[in-house]
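Hi,

Here is the structure I promised to pass on. Have a look at it first, and then read my notes on what turned up.

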Amino acid sequence: MAVAFDEMNIPGGDLRPAYQELARWLKETPPEALEYRRQEAELLFRRIGITFAVYGDSESTERLIPFDVIPRIMSGKEWSLLEKGLKQRVRALNMFLRDIYHGRDILRAEIVPDDLIFQNPVFRPEMNGQQVPHDVYVHIAGIDIVRVDAEDFIVLEDNARTPSGVSYMLENREIMMRLFPDLFARHRVAPVERYPDELLSALRSVAPQSASGEPTVALLTPGVYNSAYYEHSFLADKLGIELVEGRDLIVKNNEVFMRTTEGVKRVDVIYRRVDDDYLDPLTFRPDSALGVPGLMSAYAAGNITLANAVGTGIADDKAIYSYMPDIVKFYLGEEPILKNVQTWRCREPKDLAYVLDHLSELVVKEVHGSGGYGMLIGPAATKATIEAFREKLKREPEGFIAQPTLALSTCPTCTASGLAPRHVDLRPFVLTGSKSTTIVPGGLTRVALKEGSLVVNSSQGGGTKDTWILDE
């Protein structure tokens with residue numbers, strides 16, 4: 001594997017400009033003072049109660065995501081390129097979704113194969129011909145970005161269903177400002193605090209035409225047993241909207257109402273953190289107790305906006321991902337600003353043959369996998385694991401894609417033996433309303449805390465950092 005790009009240090013001993021002030025501060029700060037603040041940060045997180053659940057973990061159900069106190073810093077110039085690329089990509093994703101559920105020009109042009117859409121378990125035929133307000137399907141996108149050199153940002157995956165993690169971005173910043181005011185005073189860091197306001201105004205802007213003057217927005221959660229429940233309650237609180245479960249909502253005459261202490265109140269926009277399958281037992285899984293019976297008929301009637309729209313899973317499928325450069329060119333007539341990782345589609349015999357021959361060098365992912373589960377990291381896997389995976393691949397090749405093992409960039413991170421480089425990725429959150437697309441400067445930086453590890457997912461032992469974009 002190539003040597004990882006170091007975001008702080010230039011080979012030869014110089015520092016990258018964005019990190020010069022931080023390096024000076026680190027020189028002046030005794031290690032024990034840094035360690036003291038690190039422990040204080042952990043205490044604050046425990047007190048606030050920021051946890052996430054780990055499914056299938058016998059030891060504990062709730063875990064604290066480790067927080068690293070050394071910020072990840074990017075220059076304003078780097079950010080503006082990334083921002084441009086993210087807006088371009090999300091625009092193309094929305095146009096692709098509209099096309100897939102309406103005219104299907106991209107299938108007629110034979111750019112994406114039909115069966116990849118129609119045989120896809122996350123394709124929703126219920127959405128065929130369904131109008132969504134302002135043609136916005138993906139109101140909130142979480143695009144996972146990695147760097148391998150100073151020039152390029154590479155998209156690792158598109159999260160277009162119910163991307164999570166933004167509460168950590170906001171909490172990380174709050175805690176950093178509280179614990180490191182001296183470090184903040186030396187930098188001009190672009191603010192992230194306006195995210196809740198921008199999210200609320202994006203959601204209100206896509207309300208149905210039948211909505212009242214000030215549309216009512218609610219956040220639909222699967223409930224306290226969901227791994228991201230902390231984030232659901234945190235966001236509802238920050239947005240000043242009701243946090244509801246399926247049982248709090250009723251559908252009458254194709255309109256959605258929530259039960260309140262003062263009787264029922266009409267809801268215009270639902271920011272839903274419940275998957276398609278569970279949204280409406282009359283349309284999808286009949287055994288779902290999390291959804292709202294009749295919600296899809298109110299949606300079809302145009303009386304409720306769901307954010308994100310139903311059926312967006314087709315845009316974050318990892319096999320569709322491999323067509324993203326072509327999708328951007330097809331709809332926008334532009335070259336993609338953000339690169340894709342080279343991807344072998346195991347459904348194609350030639351690609352499969354290559355992958356089977358090179359399993360020990362590649363990362364193999366399930367096309368519908370998430371959270372770092374169900375994947376093979378060839379260079380780190382045992383012979384037995386590789387052989388077991390080989391059989392799986394031969395059995396259902398269409399369920400997998402493969403990619404080279406990327407040397408994710410590194411940032412300085414607190415470890416037991418002092419500061420050391422650890423691999424990072426970045427999830428910026430892209431908000432699309434009726435009139436504009438906005439991105440708060442930064443996002444959630446995830447860091448692989450184990451030495452040499454490339455897995456940044458919190459469910460697999462990764463941590464998070466505050467992400468600073470310098471206002472230049």
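**Charges, rings and a pocket**

In this predicted model, Lys 252 places its charged end over the ring of Phe 257, at 5.8 Å from the ring's centre. Arg 345 also lies over a ring face, that of Tyr 323, with 3.7 Å to the ring centre.

On to the aromatic side chains: searching the whole structure gives 11 aromatic pairs. One of them joins Phe 118 and Phe 123 in an edge-to-face arrangement, with 5.5 Å between the centres and 80 degrees between the planes. The pair counts as edge-to-face because its planes are over 60 degrees apart. How exposed is each of the two? Phe 118 has 39% relative accessibility, so it counts as partly exposed, whereas Phe 123 is down at 8% and therefore counts as buried. Both rings belong to one aromatic cluster, together with Tyr 101 and Tyr 137.

At least two lining residues each come from α2 (31-48), β3 (67-74), β18 (410-415) and β19 (418-427). Sorted by class, the lining has 13 nonpolar residues, five charged and four polar.

Best wishes

Technical notes. Residues are numbered from 1 along each chain as its sequence is written. This is a predicted model: local features need pLDDT of at least 70, side-chain atom pairs count only at pLDDT 80 or more; totals for chains, interfaces and linings use all residues. Side-chain values use heavy atoms; hydrogens and water are left out. Helices (H or I, at least four residues) and strands (E, at least two) are DSSP runs, numbered from the N terminus. Ala, Val, Leu, Ile, Met, Phe, Trp, Tyr, Cys and Pro count as nonpolar, Asp, Glu, Lys and Arg as charged, and the others, Gly among them, as polar. Rings of Phe, Tyr and Trp (its six-membered ring) pair if their centres lie within 6.5 Å; planes under 30 degrees apart count as stacked, over 60 as edge-to-face and the rest as tilted. Buried means under 20% relative accessible area, exposed over 50%, partly exposed in between (1.4 Å probe, protein chains only). A charge sits over a ring if NZ of Lys or CZ of Arg is within 6 Å of the ring centre and within 35 degrees of the ring normal.
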